[in-house]
Amino acid sequence: MEVPNVVGERLGGLDTAFLQIENENAHMHIGVVLTFAGEAPRYDDLIEVFERRLHLVPRYRQRLLAPPLPLDRPRWVDDPHFNLRFHVRHTGLPAPGSEEQLKELAARILGQRLDRERPLWEFWLVEGLEGNRFAVIAKTHHAVVDGVSGVDVVTLLLDATPEPSPTPPPPPWLPRPLPSRAELLVESLAGPLRTPLELAKVAQRSLAHPEEVVSDLRRGIGGALEFARAAFLRGGPRTPYNGKIGPHRRFDWVRFSLADLRAIKARLGGTVNDVVLACVAGALHHHLLVRGERVEGVELKTLVPVSVRADVERGALGNRVSLMIATLPVWCADPATRFAIVRDQMAALKESGQAVGAKVLTELGDFAPPTILAQASRLFATQRVFNLVVTNVPGPQFPLYMLGRRLIDPFPVVPLAPDQTLGVALMSYDGRINFGLIGDYDRMWDLRTLARCVRRSMAELAEAAGIELEEPSPYPRPEWLAEGGEGAEAKTGSEGRGAARGTSDGIG
């Protein structure tokens, strides 16, 4: 007999782990900084678009409700006091509105923890960016969206055409009543009863297809052992990229042409993701040398998130992400050799089934008691299982628009876990691939230097491949400013919505 769920959707194991890792200094939200061509839309017009589209992602009107007993996990419930204008905020840059000022503003916003008593997201409209541009800074807790799930507050506003068709009026929203304490207690007590029932269902499916189960089990166990060996057999070395972090952040970015990275991988063999990881390894090599640190024999353990979301699951919220642990040859000074090491290692990791094994381990969290899951999550985050995170999010290779204004650049943000002072995220879009670098304010005081090291490392790879790097312009082309047409700022629409959900387009 199935135990009914009457008080809201229960948080999954991996999403709960992101909550458990978070503390006053380690904020588990992902984010993005976007720059657009043209004048900023009016704040009220932006609010109107949110009001028309927010019903498409109900999670953004929900908050977390803690269980009364440690036997259960938090649940998503409708926020009876939801206020859209609290989450959608409006600010501006002082003259001259430089990109350095935007980076500083983004760092301050990203260094603020989201309020657990409200829906876990914020959206900032930023006016006054030089070069006839404006910006958007958005952040969402990792427990809500994994960065590649396909729908978040940003994709709600983005369209594939400058003049999309109008959206129909949204249905009225009436929040469901909050559950009573008695209902929560019943659900908390019923939680442990669901585990044997869920395991029984798994066993029933196993009996129906025994050959497939044996094959999957063998691969899953082998991959899990491979992932555990990579994670726990040898901790990452002590470097400037690890240590106790504070609550404040620095943020920087670097632009590249996606065609250049594809040309490098075509000449040297491998994938675009191999180019990315080799570039990061070279950048850290140069950065350590600038700091006067040793590089001989240094190999940094790098957590590489991998989406395991099936096509039929695109658009669903929550995390469907697995992990691989790669080793960056920071010791290597030669860019061609560095790339070959990364390429061969990544090919071996894919064959090893490490990502499948990590998926098995994260899914076990769905059956683990919350107290055990909390301890395991904190252990994984604080024992220097890895030195840093490098994540590559594929985006659409065609232009997107918000209220008729063309999106120029997205710069992604990955959270810093405890003991991690640096995070690297990448996003490809419309022929570009951008690095977003986030660091602890005090320990990564020279993040701008690291950004220059990223440019130098990519230039070395390009030279090794025999190509010349393009310098993508941050400024809009004149035709972009006229694309939306007269009154474009007042238009809303649904045509092309979800276009920003991303397509691999051969990346990786």
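Predicted model: local features only at pLDDT ≥ 70, side-chain atom pairs only at ≥ 80, totals over all residues.
The chain has 508 residues, of which 55% count as buried, and its secondary structure comes to 14 helices and 16 strands.

**The chain as a whole**
- The accessible surface of the chain comes to about 21,700 Å², and carbon and sulfur atoms account for 55% of that area.
- Among contacts between residues at least 6 apart in sequence, 83% join residues at least 24 apart.

**The pair of helices α8 and α13**
- Two packed helices are described by the angle between their axes and the distance between the axes.
- On the α8 side, L261, I264, R267 and L268 take part in the meeting, while α13 contributes M458, L461, A462, A464 and A465.

**The open sheet of β1, β4 and β3**
- An open sheet is formed by 3 strands in the order β1-β4-β3, with antiparallel pairing.
- Strand β4 spans residues 75-78 and pairs with β3 over 4 bridges in the antiparallel sense.
- Within this sheet, R75 in β4 stands opposite L65.

- Strand β12 (residues 388-393) runs parallel to β15 and is joined to it by 5 bridges; V393 has M427 in β15 as its bridge partner.
- The pairing of β15 with β16 is antiparallel and extends over 8 bridges; V424 has L437 in β16 as its bridge partner.

**Backbone features in the loops**
- Most residues other than glycine have a negative phi, and most peptide bonds are trans.
- D430 lies in the loop between β15 (422-429) and β16 (432-440), where the hairpin has 2 residues between the strands.
- Although D430 is not a glycine, it has a positive phi of about 50°; D430 is partly exposed, with a relative accessible area of 24%.
- N132, found in the loop between β6 (121-129) and β7 (133-141), is likewise not a glycine and has a positive phi of about 55°.
- The relative accessible area of N132 is 40%, and this residue is partly exposed.
- A95 and P96 are joined by a cis peptide bond with omega of about 10°, and P96 is found in the loop between β5 (88-92) and α4.

- Q101 has its place in helix α4, which covers residues 99-110.
- With a relative accessible area of 19%, Q101 is buried, since residues under 20% count as buried.
- Leaving aside residues up to four places away in sequence, Q101 touches L93, P94, A95 and P96, and A95 and P96 are the residues joined by the cis peptide bond.

Technical notes. Residues numbered from 1 in each chain as written. Heavy atoms only, no water. Pairing = 2+ DSSP bridges. Buried < 20%, exposed > 50% of the residue type's maximum accessible area, 1.4 Å probe, protein only. Contact = heavy atoms within 4.5 Å. Areas by Shrake-Rupley, 256 points an atom, 1.4 Å probe, with all protein chains shown as cover.
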